[in-house]
Amino acid sequence: MPRVALFITCVNDALFPETPKAVVRILERLGYDVDFPAAQTCCGQMHANSGYKKDATKLARSFEAVFGDYDHVVTPSGSCAAMTRDQYPHLTGSSIGQRVHELSEFLLDVAGVEDVGARFPHTVTYHPTCHGTRALGLGDKPMRLLRAVRDIELVDLPAADQCCGFGGTFALKNSEVSTAMLADKCRHAADTGAEYLAAADNSCLTHIGGGISRSGGPRPIHYAEILASTA
C-alpha cells in the first residue's frame, strides 16, 4: 500500500477537527493506513496571497520537509491543495503539489472509488468552492461521490458557480462587496429548502455559516463528514 498522510490545514485544526477525522474514517474504511505528521503547520497560502513571499517560502519548505517522503498527501481543502500545486513551484521549485490531493481527487483518481459506503438520509445542496473549481479543476468529483451516498437527496443550488465572497483576506479588505456576495449565496441556499449545505472547504463554509446564522438556511457541513457517515 502507498504511504498516505493527512494534511489537516489550519482552519480545520483550529475550528473543525471533525472534518479531518472524517477523512481518516473514510480512508481507513477503504483499507488505507493514514499517518498524521505532528510537525505539519500552515501551507503558507495566506502569506503568499498577502505578498509575504519570504514567510510563504519558509512555510512551503517546512511542508516539503514534513510530507516529502509520502506517496500521497490527502487534505479536506481545495484551497490548500491548490496552494501546494500552483504556488510552491514558484516559491521553492518543488513539485510536491502533484502528490497533494483534495479528498475527491484522491478517492476518484487514486483510489478509484466512487461509492465509499456512506449513508446520509437528508436533503443536501452543494456549493462548489472557487479554488476547487477554478484552481484544481475538480469539476463534478465531489458531486459524484455525494450521488453515491445512500438515502441522500441532492438539490441544485441556484447560481452555484458564484463565489460566496470569502476569498481569504478578500472578505477583510473588501468587506462591503464580500457581504453582498454572501447575502446572495445565503439567499440561494435558503431557497433550496435543503437541510444541509455541503462544500469542500470549511473556510468558505465558515463565511456562509455566519450569514446563514443571521438569515436562516441549511446547516453548513463539509462533504467529507457526509461521506464518513453510515447512520
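Mentor: Buried means under 20% relative accessible area, exposed over 50%, and partly exposed in between (1.4 Å probe, protein chains only). This is a predicted model: local features need pLDDT of at least 70 and side-chain atom pairs count only at pLDDT 80 or more, while totals for chains, interfaces and linings use all residues. Residues are numbered from 1 along each chain as its sequence is written, and side-chain values use heavy atoms, leaving out hydrogens and water.

Trainee: OK, His188 then: buried or exposed?
Mentor: His188 sits in helix α10 (helices are DSSP runs of H or I, at least four residues, and strands runs of E, at least two, numbered from the N terminus). Its relative accessibility is 15%, so His188 counts as buried.

Trainee: Which residues is His188 in contact with, leaving aside neighbours within four places in sequence?
Mentor: Contact means heavy atoms within 4.5 Å. With those neighbours set aside, the partners of His188 are Leu157, Pro158 and Ala159.

Trainee: At what angle do α10 and α11 pack?
Mentor: Axes are lines fitted to C-alpha atoms, for helices over the stretch in contact, and angles run from 0 to 180 degrees between N-to-C directions. For α10 (residues 175-192) and α11 (residues 202-215), the axes are 9 Å apart. The pair therefore counts as roughly perpendicular (65 to 115 degrees; under 35 is roughly parallel, over 145 roughly antiparallel, the rest oblique). The angle itself is about 70°.

Trainee: Which residues of α10 and α11 make the contact?
Mentor: From α11 come His207, Ile208, Gly211, Ile212, Arg214 and Ser215. From α10 they are Ser178, Leu182, Lys185 and Cys186.

Trainee: Where are the axes of α2 and α6: how many Å apart?
Mentor: Helix α2 (residues 18-29) meets α6 at an angle of about 10°, so the two are roughly parallel. Val23, Ile26 and Leu27 of α2 touch Leu103, Phe106 and Leu107 of α6. The separation of the axes is 12 Å.

Trainee: How many residues of α6 are buried?
Mentor: Helix α6 spans residues 103-110 and is mostly covered. Buried there are Leu103, Ser104, Glu105, Phe106, Leu107 and Leu108.

Trainee: How many disulfides turn up?
Mentor: The test is a pair of cysteine sulfur atoms within 2.5 Å. Cys130 has its closest cysteine sulfur in Cys163, at 3.7 Å, which is too far for a bond. Over the whole structure, the search gives zero.

Trainee: For Cys43, which residue holds the nearest cysteine sulfur?
Mentor: Cys43 is buried, with a relative accessible area of 3%. It is in no disulfide, and the nearest cysteine sulfur is 4.0 Å away, in Cys80.

Trainee: Last one: which residues does Ala231 touch beyond four places in sequence?
Mentor: Ala231 is in the segment after α12 (223-228), and at 62% relative accessible area it is exposed. Its C-alpha is 39 Å from that of Ala60, 171 residues away in sequence. Ala231 touches Arg119 and Pro121.
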